[in-house]
Amino acid sequence: MSKKHPVKNSDPSVNLRLSQELKDTIKSEAAKKNLTVSKYLRELLENIYSGDYCKKEVVGEKVETFLFSQDFMQLIVWMYTKKADKKKTESKDELNRYISTLKKVEGHMPDNLVREFDKILQDIIKVRNDENKYLPHSYTFIDAYSEKEKFNFNLLQEFLLNDDALSRYVFLKTYKPKLSTLKW
């Protein structure tokens, strides 16, 4: 069912009875897409059985569930508190929880933000694993010497505060494989 084949008159057909209201709705939806009723219903059934029918809603729900989860919100609040005080004050359990959340970022945010969160992940692991008892442990993702190592808070804010950013990301995540096959 993944490959669409042209339908011939000799192909099997299905007849069914519908209420007039449902028939009118189907005709109206088909007309909006400039399709025949048969083609509209075929495409609708193909999308249902291929799993594409509600894919955008499923992807959107998955992304929103992560972004609005308690663990992700705690991570974001922690990141902003580190702007004021870079010293390590967290227990290993707290750091492990942040690490676990950071490892889930991929697949829930655009690639450019995933790379930004990777900077924090690397920094937390470095601080967590540092056994030096004589030097105070602190995080460098806030004000690293290199821009490559510094977390870009503006990029995060643009994504979280832009009303359309999440919708665009979900759309691209849902249809990216199909978009790559389109001819522009």
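This is a predicted model: local features need pLDDT of at least 70, side-chain atom pairs count only at pLDDT 80 or more; totals for chains, interfaces and linings use all residues.
Side chains of opposite charge can pair when their charged atoms come close. Over the whole structure, seven salt bridges were found, and three of them are described here.

Lys39 is partly exposed, at 37% relative accessibility. Glu43 is partly exposed as well, with a relative accessible area of 24%.

Another salt bridge is formed by Lys82 and Glu90, whose closest N and O atoms are 2.9 Å apart. Here the side chains belong to buried residues. The relative accessibility of Lys82 is 4%, and the relative accessible area of Glu90 is 6%. A residue is counted as buried when this value is under 20%, so Lys82 at 4% is placed in that class, and so is Glu90 at 6%.

A further salt bridge connects Lys86 with Asp143, at 2.7 Å from N to O. This pair links distant parts of the chain, the two residues being 57 residues apart. Lys86 sits in the loop between helix 4 (70-81) and helix 5 (92-103), while Asp143 sits in the loop between helix 6 (111-129) and helix 7 (153-161). Lys86 is partly exposed, with a relative accessibility of 30%. Asp143 is also partly exposed, at 39%.

In soluble globular proteins, nonpolar side chains tend to be buried together. In this model the largest nonpolar core consists of 33 residues, and Met79 and Phe117 have the most contacts inside it. Several helices contribute: helix 3 (55-67), helix 4, helix 5, helix 6, helix 7 and helix 8 (165-179) each provide at least two residues of the core. Helix 6 provides the largest share, namely seven residues. When residues up to four places away in sequence are set aside, Phe117 touches Phe72, Leu75, Ile76, Met79, Leu102, Val105, Met109, Phe151 and Leu156.

The pocket search gave a largest pocket with a volume of about 740 Å³. This pocket is lined by 20 residues, and those closest to its centre are Ser13, Val14, Ser38, Leu41 and Arg42. Helix 1 (20-32) and helix 2 each supply at least two residues of the lining. The largest share of the lining, six residues, comes from helix 2. Sorted by class, the lining contains 10 nonpolar, four polar and six charged residues.

Asn34 is located in the loop between helix 1 and helix 2. Although Asn34 is not a glycine, its phi is positive, at about 60°. Asn34 is exposed, with a relative accessibility of 73%.

Tyr175 lies in helix 8 and is partly exposed, its relative accessible area being 26%. Tyr175 and Asp52 are 123 residues apart along the chain, and their C-alpha atoms are separated by 9.5 Å.

Arg168 also lies in helix 8. At 48% relative accessibility, Arg168 is partly exposed. Along the sequence, Arg168 and Pro110 are 58 residues apart, and from C-alpha to C-alpha the distance in space is 10.0 Å.

Asn112 is part of helix 6 and is partly exposed, at 32% relative accessibility. Asn112 and Lys27 are 85 residues apart along the chain, with 43 Å between their C-alpha atoms.

Methods:
Residues are numbered from 1 along each chain as its sequence is written. Side-chain values use heavy atoms; hydrogens and water are left out. A salt bridge is a side-chain nitrogen of Lys or Arg within 4 Å of a carboxyl oxygen of Asp or Glu. Buried means under 20% relative accessible area, exposed over 50%, partly exposed in between (1.4 Å probe, protein chains only). Helices (H or I, at least four residues) and strands (E, at least two) are DSSP runs, numbered from the N terminus. A nonpolar core is a set of buried Ala, Val, Leu, Ile, Met, Phe, Trp, Tyr and Cys residues joined through side-chain atoms within 4.5 Å. Contact means heavy atoms within 4.5 Å. On a 1 Å grid over the protein atoms alone, a cavity is a set of points where a 1.4 Å probe fits but cannot get out, and a pocket is an open set with protein on both sides within 12 Å along at least five of seven lines; lining residues have an atom within 4 Å of a point. Grid points are joined across faces, edges and corners, and a volume is the space filled by probe spheres set on the points. Ala, Val, Leu, Ile, Met, Phe, Trp, Tyr, Cys and Pro count as nonpolar, Asp, Glu, Lys and Arg as charged, and the others, Gly among them, as polar.
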